[in-house]
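Dear colleague,

Please find below the sequence and structure that I am handing over to you. My findings follow directly after them.

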Amino acid sequence: MRILILGGTGEARELAALLVAQGADVLSSLAGRVRAPRLPDGPVRVGGFGGAGGLAAFLREEGITHLIDATHPFAGGISANAALAAADAGVPRLVLRRPAWPADPSWQLAADMAEAVAAVRAWPGDGVFLTTGRRDLAAFAADDAHRFLVRTVDPPEGAVPPRMTLILDRGPYTVRGESALLREHRIGLLVSKNSGGPMTAAKLRAAADLGVQVVMVRRPPPPPGSAVAATVAEALRWIGGQSGDQPG
Ligand code: NAP
């Protein structure tokens with residue numbers, strides 16, 4: 001087996017570490033968006049493949065036998081490419097995707113970022129905490145009616161809201177720290193993607209404790225027909241089943 005992990009998540013790093021420890025032949029791939037990424041154990045390649053066709057060619061050239069799409073739940077482009085490329089190259093593919101946070105009845109759900117932008121526009125308050133990532137900031141750039149607290153890993157490169165306070169940070173976060181931040185910046189509305197997982201969940205608890213409203217962007221579904229694992233352990237079992245030789 002030669003396994004390619006499409007990464008950029010904590011789960012991808014965890015899976016790579018376990019496979020490397022077992023002596024598996026594994027290669028991790030990162031998009032190269034973050035300036036100083038947390039690198040997985042084992043060999044890593046960085047940068048796009050050049051679409052689904054490029055990824056299919058890469059799978060063939062590198063002799064990849066199994067593809068694990070462990071990218072972020074909102075990285076829909078690479079997941080769609082992975083599905084096409086794996087089918088083209090005849091390589092079994094698994095989506096490793098952590099479960100979404102269970103919807104709280106108090107949340108306002110947005111089908112996509114455009115709906116989240118509209119929800120913020122319609123909100124009569126002042127302080128908004130945006131945790132949707134730097135690439136979605138441009139969507140809020142026309143909103144001069146609100147004061148935005150924005151938290152990203154790297155500085156934004158495109159258009160940003162005119163009234164913005166920027167914090168560079170990458171978590172994990174604590175409820176105590178998130179509560180202090182919400183209070184300090186007099187936040188009344190939190191906008192988040194439903195990324196799931198424990199790393200960034202503290203803001204939701206802090207928001208609930210302080211009566212801060214939440215606009216939650218729903219995640220896109222995985223490509224149709226995908227085998228999906230919710231945990232690293234499930235992914236390891238899938239790999240074991242593929243090789244007929246249970247790892248770990
Ligand atoms: P995207 O929109 O789905 O992908 C855009 C393009 O980036 C892809 O078509 C591909 O380029 C390249 N790419 C993405 N992930 C790659 C990977 N793991 N290895 C090699 N190339 C990759 O993705 P995105 O939302 O920009 O996310 C980029 C990366 O950041 C992903 O790996 C994801 O796991 C991570 N991430 C994303 C988010 C988020 O909120 N979207 C949050 C945390 C981490 P080519 O077409 O040239 O192959």
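**Ligand site**

A polar side-chain atom of asparagine 81 lies 3.4 Å from an oxygen atom of the ligand, a polar contact being a pair of N or O atoms within 3.5 Å; within protein, one must be able to donate a hydrogen and the other to accept it, and residues adjacent in sequence count only if both atoms are side-chain atoms. Please note that this is a predicted model, in which local features need pLDDT of at least 70 and side-chain atom pairs count only at pLDDT 80 or more, whereas totals for chains, interfaces and linings use all residues. Residues are numbered from 1 along each chain as its sequence is written, and side-chain values use heavy atoms, with hydrogens and water left out.

Strand 2 (25–30) and helix 3 (76–89) are the elements that give two or more residues to the shell around the ligand; helices (H or I, at least four residues) and strands (E, at least two) are DSSP runs, numbered from the N terminus. Helix 3 gives the most, with four residues.

In total, 22 residues surround the ligand, and the closest are Ser29, Arg33, Phe49, Arg135 and Lys193; a residue qualifies if one of its heavy atoms lies within 4 Å. The shell divides into six nonpolar, twelve polar and four charged residues, where Ala, Val, Leu, Ile, Met, Phe, Trp, Tyr, Cys and Pro count as nonpolar, Asp, Glu, Lys and Arg as charged, and the others, Gly among them, as polar.

**Sheet with strand order 3-2-1-4-5-12**

Six strands form this open sheet, and their pairing is parallel; two strands pair if DSSP finds at least two bridges between them. Strand 3 (44–46) and strand 12 (227–229) are the edges, each with a single partner strand, so one side of each has no neighbour in the sheet. From one strand to the next, the twist averages 25°. Three bridges link strand 5 (residues 93–96) with strand 12, and leucine 96 stands opposite alanine 229.

Helix 7 (residues 232–243) lies across strand 1, strand 4, strand 5 and strand 12, at about 170° to strand 5. Contact here means heavy atoms within 4.5 Å, and axes are lines fitted to C-alpha atoms, for helices over the stretch in contact, with angles from 0 to 180 degrees between N-to-C directions.

**Sheet with strand order 6-11-10-7-8-9**

This open sheet is also formed by six strands with parallel pairing. Its edge strands, strand 6 (108–110) and strand 9 (164–168), each pair on one side only. Strand 10 (residues 189–193) is joined to strand 11 (residues 213–217) by five bridges, with valine 215 as the bridge partner of valine 191. Helix 5 (residues 175–184) lies across strand 7 (127–130), strand 8 (147–152) and strand 9, running at about 150° to strand 8.

The peptide bond from glycine 171 to proline 172 is cis, with omega near 5°, and proline 172 is in the loop between strand 9 and helix 5. In the loop between helix 5 and strand 10 is arginine 186, which has a positive phi of about 50° although it is not a glycine.

Yours sincerely
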